[in-house]
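Colleague: Please put the model up, and I will ask about the chain contact first. Strands and surface can follow.

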Amino acid sequence: MEKTIIVSNVTKKHKLYDNTSDKIKDILFRKGYGEDFYALRNVSFEVNRGEVIGFVGVNGAGKSTLSNIIAGILPETSGSVTVKGDVSLIAIAAGLKENLTGRENIELKCLMLGFNKKEIQQLEPEIIEFAELGKFIDQPVKSYSSGMKSRLGFAISVSIDPDIIIIDEALSVGDKAFAEKCFNKMKSFKEKGKTIVFVSHSTVQMKKFADKILWLEFGRVKEYGTKEEILPLYEEFIKEYKKLSKSEKEKYREDVLRQLETG
Amino acid sequence: MKSVITVLSEQVKYFYLLRRLALYEIKIANKNNYLGLAWELINPAIQIFIYWFIFGFGIRERQPIEGDPFFPWMLSGIVIWFFFNPSIIEGSKSIFQRVKMLSKMNFPMSLIPNIIIFSKFYSHIGLLVIVMVLLNFLGYPISIYYLQLPLYIFGGYLFIFSVSLITSTLNTFIRDLQMFLQATLRMLLYMTPILWATSSLPVWIQTVFKINPLYYLVEGYRYSLLGKEWYFINHWEYTLYFCAVTFVLLLIGSVMHVKFRRRFIDFI
């Protein structure tokens, strides 16, 4: 089996600064300033071609950070990410220019992704057709509803035919009919043997769609395996976790982090 | 040195992308105005009128300046100011404004300041042509000295690009720089022989003024457009100085840019 995504020992460290001068000092001097915050710690996993992998975890687990790192938008602090093929990240209404019309946005986005004029002309009708924007395609994007924006963003991202697709919560917006359409598109991608990374809170979608589940907790991998193994555990955990009060949640977080530090 | 080559080769390799994105930049900027693109010319026209009225008509009382009537004298120098000023200001903001919308990290980041400069360059060429036509009517016909103009245009472009590489990088973590730049540019307008001739000053002050590379560019444009002399040859020491400054700035800018570019998004 060919591996398309290899993530090994990836750590992402953010800095929290007390004031702005610490930020400059931190950039200029070797000696670090500010407080370290780990969004990801030693995350390692591999994905085979044609697999659909779902990222699950509670808020702040590092799902979005990880998907951004795989997409190459955020740099990792340490460790390495190897990705074979073109990656396309589908996030809600990412990078649309409010002043430009839908059509101009399509052209601009495709240009930035490295397509030439001729290729864009070929792609354009397909994107417009998929986005179902009707007359609005020639209106500025600022007049769009949020559903329309996400439809346009989604349509662009899927039409450029990437090898690896990362969907960050993008299927949860828009109406049912469009979500269904996106789902079918995803299925056809899966059949074509493309790798799909899928970030969602919804375990229902995961059950329907994913092959493997990566469960993140406070920036580290808690479990990784097939959905049959992991999803029941995760659902069990979520049920328990929801019952906890705010202070208990905080305590749980501290316990886990302490365990991590002591190894 | 390696960084300079990286940065420059990206500009060459992605020239098509640069040109197309620069056109979009102009489109976005003028989209909401009824007069659209015309503002790229109306705006300078209004400023030129005001400066002429205050400095030429008012303060100088319609006297010639360095042997020329004030209006063509000012016109030939101020034309580069309308390229220089907005390019520096917008160029320095370019990266932190745009880095978020780049959906891919392998987008050649050094293109971003250049996209802005290139979009300003279009209107600069437009304005320059208009100034040339005007000068023809004002008694300064096309001359052999026009041939040196591309040198100053290229030099000016490279200088602005080099400065923008530095400022756009610094701007990602020191936002105050924007304020500093605006203040400096406002000052530069008066520290350069754009609106008044510095030849009345003591020689040592003139020399101090000449540290400013914009001084060289303004004089270069003026001597070409008014058809006076081969400025870059007659002032070859100053030409060397300008080239050296531009190169050093390009070197610093490229090194900084390449060093920090992977982390831009972290800074913001």
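**The contact between the chains**

Modeller: The contact takes 26 residues from chain A and 24 residues from chain B. This is a predicted model.

Colleague: What area is buried between chain A and chain B?
Modeller: The size of an interface is often given as the accessible area lost when the parts come together. Here carbon and sulfur atoms give 62% of that area. The area buried between the two chains is about 2600 Å².

Colleague: Which residues in chain A lose the most area to chain B?
Modeller: Three residues together make up 24% of what the chain A side buries. They are Ile27(A), Leu111(A) and Met112(A).

Colleague: Which residue in S2(A) stands opposite Ile5(A)?
Modeller: Strand S1 (residues 3-16) of chain A pairs with strand S2 (residues 35-48) of chain A. The sense is antiparallel, over 10 bridges. Opposite Ile5(A) stands Val47(A).

Colleague: In S4(A), what is the bridge partner of Thr11(A)?
Modeller: S1(A) also pairs with strand S4 (residues 78-83) of chain A, antiparallel over five bridges. The partner of Thr11(A) is Ser78(A).

Colleague: Is Phe57(B) buried, partly exposed or exposed?
Modeller: Phe57(B) is found in helix H3 (residues 39-59) of chain B. A nonpolar surface patch of about 1100 Å² includes Phe57(B), with Trp39(B) and Phe53(B) among the other members. At a relative accessible area of 34%, Phe57(B) is partly exposed.

Technical notes. Residues numbered from 1 in each chain as written. Chains lettered and ligands numbered in written order. Predicted model: local features only at pLDDT ≥ 70, side-chain atom pairs only at ≥ 80, totals over all residues. Heavy atoms only, no water. Patch = residues over 30% accessible without salt bridge, like charges linked within 9 Å, V, L, I, M, F, W, Y side chains within 5 Å. Areas by Shrake-Rupley, 256 points an atom, 1.4 Å probe, with all protein chains shown as cover. Salt bridge = Lys/Arg side-chain N within 4 Å of Asp/Glu carboxyl O. Helix = DSSP H or I, 4+ residues; strand = E, 2+ residues; numbered from the N terminus. Buried < 20%, exposed > 50% of the residue type's maximum accessible area, 1.4 Å probe, protein only. Pairing = 2+ DSSP bridges. Contact = heavy atoms within 4.5 Å. Buried area = accessible area lost by both parts, 1.4 Å probe.
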